[in-house]
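Here is a short briefing to read alongside the model. Please have the sequence and the 3D view open as you go.

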Amino acid sequence: MDPIIKIENVNVVYNAGEGAKEMGALSDITIDIYPKEYVVFFGPSGCGKSTLLNVVAGLERVASGRVLVAGRDLTTLKDEEIAMYHRHEVGFIFQAYNLIGTLSVVENIALPQMFDGKSRREWLKSAYTMAERFEISEHAKKLPQELSGGQQQRVGIARALINNPAIVLADEPTGNLDSKNVRRVLDIFQDLNLKEGKTLILVTHSPEMLGEADRIVYLKDGKIIDEVQNKERKLLKPKTEEEKKLASSDSAFPWKRFLRDAYVPASVKSEKLAEFVLGVPSEEKVARMEGLIEKRLQGILNSQDFVAALDRSYYRGGSGLDKRRAKHLGEYTEHVLKVARVIRRISSFSEEEQVNVITILSDNLLQTLRLSLNEDQKELLRNLLKDRFANRIGPNEVKKVLDASLKKGGLGLRRQTAVRVMEYIELAILIASKTPGENGEVKKNTSIASSKAEPPLLLLPPPSP
Ligand code: ADP
Ligand code: MG
C-alpha cells in the first residue's frame with residue numbers, strides 16, 4: 001500500500017532571516033502515513049506538533065523538503081490550488097474551535113461550501129445533514145457562543161467534514177473539553193477512522209490519548225524522536241525487516257524474549273524515548289508486566305485475572321501485550337508455576353515418587369519445548385534433572401551435558417536448544433525458590449507455596465505456540 005501522506009526532509013523556519021527572531025520549528029522531518037491510518041503526533045508544548053499538522057493541511061509553507069499528499073507535491077502548488085486542497089481533501093479541527101461568532105451554527109458548518117460558491121439551498125442542506133449527524137441541529141440557528149464547549153467542538157467537526165475529506169486533522173481537539181465530551185469526540189474519531197476509513201492525524205500532549213491510535217509519533221524540539229505501533233490496533237505501516245524477523249522467530253522460551261525483544265519494540269528501547277519525560281518510557285511498561293507476573297506468582301491474582309490483566313491495554317492498567325502474546329505468556333506462567341510447585345516439594349517425596357515426578361517433569365519439558373529424544377537420551381535427561389534438583393550440579397554442568405555429543409556421553413542437542421532447555425530448568429527452579437519474607441512452607445493465598453491439597457502431577461498440556 002502506498003502512503004497517502006509522504007513528508008520528506010521537511011524543515012520549517014519561522015521569521016527566517018530576522019536574526020535572533022529566526023526560529024527553526026521543524027527539522028528534517030520524514031514520515032509516511034498510510035490510508036486509513038490513525039496517527040497521533042505526541043510531544044511537549046512547543047515541539048512542533050501544530051506546525052507539522054499545518055504543513056500537512058497546506059497552511060504552512062516549508063523552507064525545504066517535500067510534502068506529498070495522494071501523490072501531489074503541496075510545495076509546488078499555487079495559493080489557489082492550496083486553498084482548494086485545504087477545503088476538499090483535508091478537514092481541520094482546532095482546539096479553540098475557531099468558529100465565527102457572527103455566523104449561526106449552521107452557517108459555520110457550511111463555510112467550506114460557501115467559499116466554493118455553492119448555492120444557499122445546497123449548503124444549507126448539507127450543513128443541516130451534518131448538524132443532525134453530530135446532534136446539534138436543535139441549535140442550528142443559534143450563535144456559537146450560546147453553545148457549550150462540547151457542542152461547539154461538534155460544530156467544528158461538522159464543518160471539517162462537510163466536504164467529506166479523506167484526511168482529517170485535529171490539533172488538540174479535546175484540550176478545552178471535560179472528560180465526558182473528550183470521550184464523545186474521541187468516539188467520533190474512532191468511527192471516522194474505523195467505519196468511514198478516514199486517515200486521521202491527531203495532535204496531543206496528553207498521554208491518555210495515546211491508546212486511541214494505530215501509531216504514535218513522538219516529537220521533541222522539532223524532530224521525530226521515536227514512533228510506536230499500538231499492538232491492539234491495525235498495522236498499516238509495512239513492517240521493517242527487524243519487525244518481520246521478530247514476528248517469525250522461534251518463541252519457545254518466551255521469558256527473555258518477551259522482556260528483551262518482542263515486547264519492548266527496538267525503537268522504544270532507544271535512549272531517546274527514555275529521556276523523553278512526557279512520554280511513558282518503555283521501562284515502565286516492562287515494569288508493569290513484571291508487576292503483574294509478580295502478583296500472579298504471589299497468588300494475589302488468580303490465573304484468569306492474570307491473563308485478563310495481561311490482555312488489557314497499558315493505559316487501562318494492563319501490560320499492553322497483544323492478545324496472542326498475553327495468552328501465550330499467561331499459559332507459560334501457569335505451566336511454570338505448576339512445575340515449580342512440584343520442584344519445591346520434590347525433596348519431601350519418597351525415592352519412588354521422585355522417579356515418577358521427574359519422568360513427568362522431563363516429559364513436560366520435552367513437550368513444552370517441542371523436542372523429541374530417544375529412550376537413552378530421555379534417561380540421561382531424567383538423571384540430569386534429578387542431579388540438578390538435588391543441587392548436586394549447577395546450570396553450567398547441565399548445559400555441558402545437554403550440549404555434548406552422544407559419543408561423549410552427552411545429549412547431543414544443538415547449542416541453542418541446549419541453552420533453551422537449561423533456561424527452562426533454571427527458570428522453574430528460580431520460580432520454585434522462596435521469596436524473601438516468605439516464611440515456612442505454606443503462606444495463605446500464596447500460589448507457589450500452596451502445597452496443601454496439591455493435585456497429583458499430571459502431564460501438562462504444553463502452552464499454545
Ligand atoms: P506545538 O504545537 O507542539 O506546541 P508549535 O508547532 O506551535 O508547537 O511550535 C513550534 C515552535 O515554533 C515553538 O517554539 C513556537 O514558539 C514556534 N512558533 C510557532 N508558531 C510560530 C510563529 N508563527 N512565529 C514564530 N514562532 C512560532
Ligand atoms: Mg500546538
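Welcome to a predicted model. The protein chain has 465 residues, and 48% of them count as buried. Its secondary structure comprises 17 helices and ten strands.

**The chain as a whole**

- Taking contacts between residues at least 6 apart in sequence, 66% join residues at least 24 apart.
- The protein chain has an accessible surface of about 23200 Å², and carbon and sulfur atoms account for 52% of that surface.

- Helix 1 spans residues 49-57 and is mostly covered, with eight of its nine residues buried.
- The buried residues of helix 1 are K49, T51, L52, L53, N54, V55, V56 and A57.

**Helix 3 against helix 5**

- Helix 3 (residues 105-115) packs on helix 5 (residues 149-161) at an angle of about 30 degrees, and the two axes are 7 Å apart.
- Because angles under 35 degrees count as roughly parallel, helix 3 is roughly parallel to helix 5.
- The crossing of helix 3 and helix 5 is right-handed.
- On the helix 3 side, V105, N108, I109, L111 and P112 make the contact, and they meet V155, A158 and R159 of helix 5.
- By type, the residues of this contact between helix 3 and helix 5 are six nonpolar, one polar and one charged.

**Helix 12 against helix 13**

- Helix 12 (residues 303-311) and helix 13 (residues 323-345) cross at roughly 150 degrees, with axes that come within 8 Å.
- Angles over 145 degrees count as roughly antiparallel, so helix 12 is roughly antiparallel to helix 13.
- Helix 12 and helix 13 also make a right-handed crossing.
- From helix 12, S303, F306, V307, L310 and D311 take part, meeting K323, A326, L329, G330, T333 and E334 of helix 13.
- The contact of helix 12 with helix 13 is made up of five nonpolar, three polar and three charged residues.

**A closer look at S362**

- S362 sits in helix 14, which covers residues 351-368.
- With a relative accessible area of 0%, S362 falls under the 20% cut-off and is therefore buried.
- Leaving aside residues up to four places away in sequence, S362 touches L381, R382 and L385.

Notes:
Residues are numbered from 1 along each chain as its sequence is written. Chains are lettered from A and ligands numbered from 1 in the order in which they are written. This is a predicted model: local features need pLDDT of at least 70, side-chain atom pairs count only at pLDDT 80 or more; totals for chains, interfaces and linings use all residues. Side-chain values use heavy atoms; hydrogens and water are left out. Axes are lines fitted to C-alpha atoms, for helices over the stretch in contact, and angles run from 0 to 180 degrees between N-to-C directions. Helices (H or I, at least four residues) and strands (E, at least two) are DSSP runs, numbered from the N terminus. Angles under 35 degrees count as roughly parallel, over 145 as roughly antiparallel, 65 to 115 as roughly perpendicular and the rest as oblique. A crossing is left-handed if the near helix is turned anticlockwise from the far one by less than a right angle, and right-handed if clockwise. Contact means heavy atoms within 4.5 Å. Ala, Val, Leu, Ile, Met, Phe, Trp, Tyr, Cys and Pro count as nonpolar, Asp, Glu, Lys and Arg as charged, and the others, Gly among them, as polar. Buried means under 20% relative accessible area, exposed over 50%, partly exposed in between (1.4 Å probe, protein chains only). Accessible areas come from the Shrake-Rupley method with a 1.4 Å probe; for residues, only the protein chains shown count as cover.
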